[in-house]
Amino acid sequence: MKFDTPATTNPIDRLKVIGKPTNRIDGPLKTTGAAPYAYEQRDIPANAAYGFIVGSAIAKGRLVSVDTADAEAAPGVLTIVTAANAGTLGKGDFNTAKLLGGPDIEHYHQAIALVVAETFEQARAAAALVRADYARARGAFDLTAAMDSAAPPKPMFGTIADTAVGDFDAAFAAAPVTLDARYTTPDHSHAMMEPHATIAAWEGDRLTLWTANQMVAWSVGDMAKTLGIPKENIRLVSPYIGGGFGGKLFIRADALMAALGAKAAKRPVKIALPRPFIANNTTHRPATIQRIRLGATKDGKITAIGHESWSGDLPGGGPETAVGQTRLLYAGPNRMTRMRLAVLDLPEGNAMRAPGEAPGLMALEIAMDEMAEKLGMDPIDFRILNDTQVDPEKPERPFSQRQLNECLTTGAGKFGWAKRSAKPGAARDGRWLTGMGVAAAFRNNINATSAARVRLDKAGVVTVETDMTDIGTGSYTIIAQTAAEMMGVPLDKVVVKLGDSAFPVSAGSGGQWGANSSTAGVYAACAKLREAVAAKLGLNAADAEFVDGEIRSGDRRVSLGEAAGDAGLVAEDRMEYGDLADKYQQSTFGAHFCEVGVDAATGEIRIRRMLAVCAAGRILNPKAARSQVIGAMTMGAGAALMEELAVDKRFGFFVNHDLAGYEVPVHADIPHQEVIFLDETDPTTSPMKAKGVGELGICGVAAAVANAVYNATGVRVRDYPVTLDKLLGGLPAIA
Amino acid sequence: MKAFTYERAATPAGATAAFAKAPGARFIAGGTNLLDLMKLQIETPAHLIDVSRLALDTIEPTKEGGLRIGAMVRNTDLAADARVRRDYGLLTRALVAGASGQLRNKATTAGNLLQRTRCPYFYDTNQPCNKRQPGSGCAAIGGVSRTLAVLGASEACIATHPSDMAVAMRALDASVETVDAAGKARAIPIADFYRAPGTTPHLETMLEPGELITAVTLPKPMGGTHIYHKVRDRASYAFALISVAAVVQKDGSGRVALGGVAHKPWRVEAAEADMPRGAKAVASGLLAGATPSHDNAYKLPLVERTLAGVLAEAKG
Ligand SMILES: Cc1cc2nc3c(=O)[nH]c(=O)nc-3n(C[C@H](O)[C@H](O)[C@H](O)COP(=O)(O)OP(=O)(O)OC[C@H]3O[C@@H](n4cnc5c(N)ncnc54)[C@H](O)[C@@H]3O)c2cc1C
Ligand code: SF4
């Protein structure tokens, strides 16, 4: 099915199942431990051995020698794989560095060897006996130092390095009120609960991978390319994923090394990456340095808006696209954005929840707060005044839907914004300085081709098969809701099977495109199944209604089970997209509100309450969507207050590579969260009229927190995370 | 983790005798620190002597009017003990500020005192670390040191001791009771228990190899207001950036010990004479001789400010 004209009324609009706050259908499996994650898969060939990866001890240079003799002689060891005996390997399109290093070392903890043994403990003990000699090379590890060498990045996924409209320099110079500020965001780790894990098994030349992966088809392709085998020979199974946040969009060392280990050991091999590898062996969100310049008239109209961002990555890598939202979020006739990419020899940078917008809004939305203060305006009024209903770089493109102002005003009322003191440092509650902050949320909507197969059996059960993944987001449930709505059956008559490359290729989970795209694919397949049912009964699908487990047309009513008969019916289709996303700018919007208390003596910052108001198209399942948004708000609070991969600029690695050192929020950090979804349907996105929310939820949160800290203390911190050491100098004197 | 053998000791004498037969062995109590370090190949004992079931898990009054806390009393039980809560509130507050409920259920009094540093470089066997591998150097000096020591450090090591409980114990003048392989018992005042890092940061306490902690004793209650303020970036489940343990009497006199600033709980008795004069005066004595790095210089004003907050709270 091709989606190239805005949706009209369709069976989804019945909203009997869609739009209802439905419990996750995979919930009981997860809470009872019955959902097998990659490392726990039970339906695998017997006799699996265990692999433990050895990571490079240097960030850049060469492996002079690897001595595996002691490790080979250790108890239980079956085989050891290194670049020297792994055969020729390619590199996947989505990998920047090689997943098995040697002789060249590209980053710290790059895999250099795999030890396979009878037990996990034996493999780990033997891995400690592998001795590697290195020749260190000088690397670049300091983004600030590398700024001057940064160059415009190659266009990737349609993003370009520089944009310009009007005459920014002249307008900025002429503006009566200006802001020119520099902000930094640190490297972030996905820090998902489940580490990357894979079980690999070969049957002849056919490989099966049970793994934790967000993008099944990408990863089959990359694994085939890396191993130099046909894609058809690989089956990748990833039904349950314990968090990904972009860290599992690609194959990583666990998958490749398990495949190589299984081949060498001639047995299935299981590997889970140890926690320190999540920081240094896998990908992370790259740090940014951002310069924002705003110029405005005295009454607050933006006349010049400029956003520059610098980030670094390994040679051949990509930038953190932190200026993207600034091209779209606020009006202003004179504009410039610029991205620069430096070569850094730190571990590979890549996508993490809302890449681009998450760190971009961390800077932009502080800048907006600062500018509002300079103008003597309320920060909400300032944003509303500079709203735009068209793409400000291409005014002929309207936003398909844009309710940013409504998000801000709804939130202001609900949160009690009027009680905020415009003067910072003015509110106190015992030993706590208190303050409120706001920020806009913005994340682009992306639609991606997605296919599904649906089966109808004689019991009237609809089974959906698609390689879509559920990374804890609720994909199982919204897909079941979609099929139930389309076929007119209750939820318990739908079975959803996901995450298997044997199923039709879906959009996968990433970029918050999963919910709308994958359900649209199921919509297309169900539309075909409806036709098949009607055709089998000699009815016209267009006139038929699918209600209560029956197809009804005129005075005929046939149960779906009966229609399917013993043979059952199968339909498969995919949703493809025309150019609506070019004609309309499709984005999601929100407003984040936060109240903090800051200990007047110690500077400890504690969030008191948070509110998000989101306008993101049709909300397919308000309960799952709320969970996504509160999770994202929590992650945003982490980015605001504590998350930072600390770089050792001498040795080139992330030092705090465990969950004791890389702090993410705990329950005590997140006392009260509320989420409001504005009523919205977007007919330009798909027949589902939905968009994503999972990434929108994090966008702007950190700035709302930082702005609240400023409002509480009068101390403006422009370098994340906002930690107490950065406040101490500006807090009130103590007795 | 290196493969190891294991035995369970039935009595303290059995435990020390077992050590005599297997030098280089380790006692294991709750295992919440030791096992993590073994998994990461930081500690590699060939033999473990399990002391967790020794009958050292009671809290008894002493004839001096204090309390004798068995070495195997779990952190949870110690924090909850009615006498501790009444007379040594500082200790309860320090304990519950540490780790998590599950960990405190396992962690023991002795193990807590002997937990090892959280210096991030200590945890990465690729990095030089004098504490982990004597003579290899110190990666933390000149590296990432936001959490590390500002006092008492040496050119060989700038690690901090991470325990919250020990800071309270120091303020309360606790004493560590031990027995060695020859059956000889001794009591080490907590003030003398931890060694300065000097050139041998791998030697952390005055315990001899195989010496077993049997109890920690507290002197008789000293009254006053007990406050433990642990400062950290997140609200719970994090080690202290710094902590202040204070006992403040009605007349403004009192005691202060600091956590998160040195290789041991930091207390300067002479500085306590300034308590009635306020935080600034006390802090200048407490922090004399500090050697902060660029990353951790904030700890000095933070100590002073936190202490000021604590003194204000004590006043009510
Ligand atoms: C995630 C996490 C968070 C934590 N957070 C905090 C925190 O915020 N604050 C804090 O203070 N602590 C914290 N801890 C540390 C925790 O308090 C310690 O791990 C615990 O107290 C150690 O006690 P244990 O009985 O488990 O010791 P073990 O791990 O069994 O032993 C520790 C050491 O003591 C030795 N030992 C044990 N008993 C004896 C004995 N009787 N005689 C001689 N030697 C002995 C062992 O040989 C070993 O070297 C945290 C730990 C973890 C894992
Ligand atoms: S500070 Fe001490 S523990 Fe940390 S690396 Fe240096 S020697 Fe090791």
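The legends below describe close-up views of a predicted model.

Residues are numbered from 1 along each chain as its sequence is written, while chains are lettered from A and ligands numbered from 1 in the order in which they are written. Because the model is predicted, local features need pLDDT of at least 70 and side-chain atom pairs count only at pLDDT 80 or more, whereas totals for chains, interfaces and linings use all residues, and side-chain values use heavy atoms, with hydrogens and water left out.

**View 1**
The largest cavity is the space taken by ligand 2, and a molecule sits in a cavity or pocket if more than half of its atoms lie within 2 Å of its grid points. Cavities and pockets are found on a 1 Å grid over the protein atoms alone: a cavity is a set of points where a 1.4 Å probe fits but cannot get out, a pocket is an open set with protein on both sides within 12 Å along at least five of seven lines, and lining residues have an atom within 4 Å of a point. The whole structure contains five cavities of 30 Å³ or more, and the largest cavity holds about 80 Å³ of space. Its lining is made of 15 residues, with Cys119(B), Cys129(B), Cys138(B), Cys157(B) and Ala159(B) closest to the centre, and this lining divides into twelve nonpolar, two polar and one charged residue.

**View 2. The second largest pocket, in chain B.**
Two or more residues each come from β9 (225-231), α11 (279-286) and α12 (299-315) of chain B, and α12(B) gives the most, with ten residues. Helices (H or I, at least four residues) and strands (E, at least two) are DSSP runs, numbered from the N terminus. The lining comprises 15 nonpolar, nine polar and nine charged residues.

**View 3. Strand β3 of chain A and its partners.**
Strand β3 (residues 61-67) of chain A runs antiparallel to strand β5 (residues 104-105) of chain A, to which two bridges join it, and two strands are said to pair if DSSP finds at least two bridges between them. Arg62(A) has Asp104(A) as its bridge partner in β5(A). With strand β7 (residues 131-136) of chain A, β3(A) pairs in the antiparallel sense over six bridges, and in this pairing Asp67(A) stands opposite Arg131(A) of β7(A).

**View 4. Backbone details in both chains.**
Most residues other than glycine have a negative phi, and most peptide bonds are trans. The bond from Gly102(A) to Pro103(A) is cis, with omega near -5 degrees, and Pro103(A) lies in the loop between β4 (77-82) and β5 of chain A. Another cis peptide bond, with omega near -5 degrees, leads from Tyr720(A) to Pro721(A), and Pro721(A) is placed in the segment after α17 (701-713) of chain A. Asn47(A), although not a glycine, has a positive phi of about 75 degrees, and this residue is found in the loop between α1 (27-31) and β2 (49-55) of chain A.

Key: Ala, Val, Leu, Ile, Met, Phe, Trp, Tyr, Cys and Pro count as nonpolar, Asp, Glu, Lys and Arg as charged, and the others, Gly among them, as polar. Grid points are joined across faces, edges and corners, and a volume is the space filled by probe spheres set on the points.
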